[in-house]
Each structure stands twice: as C-alpha cells, then as structure tokens.
Amino acid sequence: LYKTQGRILFFSRRINICLIKNGLCEKQQLTSYGPYPICKGCSVCSKDNGCLSCQPRLFLFLRREGMRQYGECLHACPSGFYGLRAPEMNICSRCRIENCDSCFSKDFCTKCKSGFYLHKGRCFEECPEGFAPLEDSMECGEGCEVGPWSEWGTCTRRNRTCGFKWGLETRTRHIVKKPPKDTIPCPTIAESRRCKMAMRHCTKDKKQRTKDQKKKTNNKQRLRVRAQKQHSDHLATGRASQ
C-alpha cells in the first residue's frame, strides 16, 4: 500500500498477513485490491481512478461513466476498440474507422456495425462498383467486372438512318470477369437513349435514282404498247362491222 500525490495506490500482488486470534497468529493470503473489485488484474491501482497499469498480457481500458473515467484491465478490448501492445503497457485504443464495430488496427476494420458491409477494412452502406453484398457475412465480395463503355452508336430507327425525326442510339461494354457466384448479378452491358436523326428526309443515291428512272421508263413503254394494242383492236373491230 502506497500513497503518492494524494492518491492511494494498491499493488495487486499476493501478500501474507497475520491475524491475531486468541493470542495466536493465523496466516492468510490476500490480494492488495481486496475490497476494491475495480482493481482486479491491475499491477498498480487507485481507489478513485481504477487501474493505472495492468498485469502482463492484459489491456488497460479507460472506461467513461458520465464525468468519471477509470481504468480496467481486460483480456480483450470491448467493441469499437483494438488491443495495442507496447513494451511499456498494453492499451485498448479506439477504432478510427467510421461505423466499425471491431478493428485490427486504427485504420483497418474487421467487423462493421449492423447494416454496413465490410470492404478492404472499411464499412459501406452499399458496396463499391464491381463488388456485390454478401448478406451471410456482411462483406463485399468480388462481383462482375465489366469494361469501359463504347462510344454511342449511329442514331437509327427501323434499321434506317433517315426518314424519321427521332431514333435511338446505343452503346455497349463487355464482361471482363465473371462473378464467382451465379447469385451475384452483372451490371447492364448495353444501354440506349433517344436521339435526333441527322437527316429526316432520305436522299436517294445515283444508283437508286438510275434504277427508279429505268423502272419509270419501262412502265411508260408498257403503257404505250398497251394503248397502241387497244387502238389497233378498236380499228379492227370497226372494219369488221362494215
């Protein structure tokens, strides 16, 4: 038992005491924290502030209760803290990662709070692109990896690039890596959007114009032949009647 700077310190080692009963000495073994359970596991303890240092392999944790703060010696740090071992003292240090329940170090989470997914030591409400949520472990697993989008295609409608005011243009991307599980969906690999056609009215090329002109000429010739035949038949009918 020591007193320093107004604080009473207890060293938690076993000591032998002698109790006098009926003039005889009875040896008993007690620990120094005796009536103060808060000092369990401490190597140095204060009645008011709890543990100031811990026995080997235990972690010093500063617990807050309102305005009060006192030290405890624990085998494992509580949620939101991780054990930091040092030559001088092992302490429980707070996880600095948002929404982390337990961590390996201040910058690497090992378990997230409820409703968050663990991904590369961080916690997310939604998994990053290319990763899919695994509900059984609440982690982000490797998802379907896709390549970059292509350029927008030609604006068309009914496989034509003219003759309409509005059409659709499409762009695509390829699947680079398939997901390890069939239950993990791939993102869309094709998308379309409305577009305005560059040419609303179609213009025929020279070959098509020549073909149409030839067809028109042939139709005129057939009509001329048919008219001449009808005229000849009419004259023959008139002669026969005379």
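The following exercises, with worked solutions, concern a predicted model.

**Exercise 1. Pairing of E5 and E6**

Determine how strand E5 is joined to E6, and which residue of E6 is the bridge partner of Ser46.

Solution. Begin with the two segments: strand E5 covers residues 42–46, and strand E6 covers residues 50–54. Next, consider the bridges: 4 of them join the two strands, which run antiparallel. Ser46 has Gly50 as its bridge partner in E6.

**Exercise 2. Leu52 within E6**

Classify Leu52 as buried, partly exposed or exposed, and state how many residues of strand E6 are buried.

Solution. Leu52 is located in strand E6. Its relative accessible area is 27%. Buried requires under 20% and exposed requires over 50%, with partly exposed in between; Leu52 is therefore partly exposed. Strand E6 itself is mostly covered, with 4 of its 5 residues buried. As a further step, locate Leu52 relative to Met89: the two are 37 residues apart along the chain, and their C-alpha atoms are separated by 10.0 Å.

**Exercise 3. The nonpolar cores**

Solution. The largest nonpolar core has 10 residues, among them Tyr82, Ile97, Cys100, Cys112, Phe116 and Leu118. A second, separate core has 8 residues, including Cys39, Cys42, Cys45 and Leu60.

Technical notes. Residues numbered from 1 in each chain as written. Predicted model: local features only at pLDDT ≥ 70, side-chain atom pairs only at ≥ 80, totals over all residues. Heavy atoms only, no water. Buried < 20%, exposed > 50% of the residue type's maximum accessible area, 1.4 Å probe, protein only. Pairing = 2+ DSSP bridges. Core = buried A, V, L, I, M, F, W, Y, C linked by side-chain atoms within 4.5 Å.
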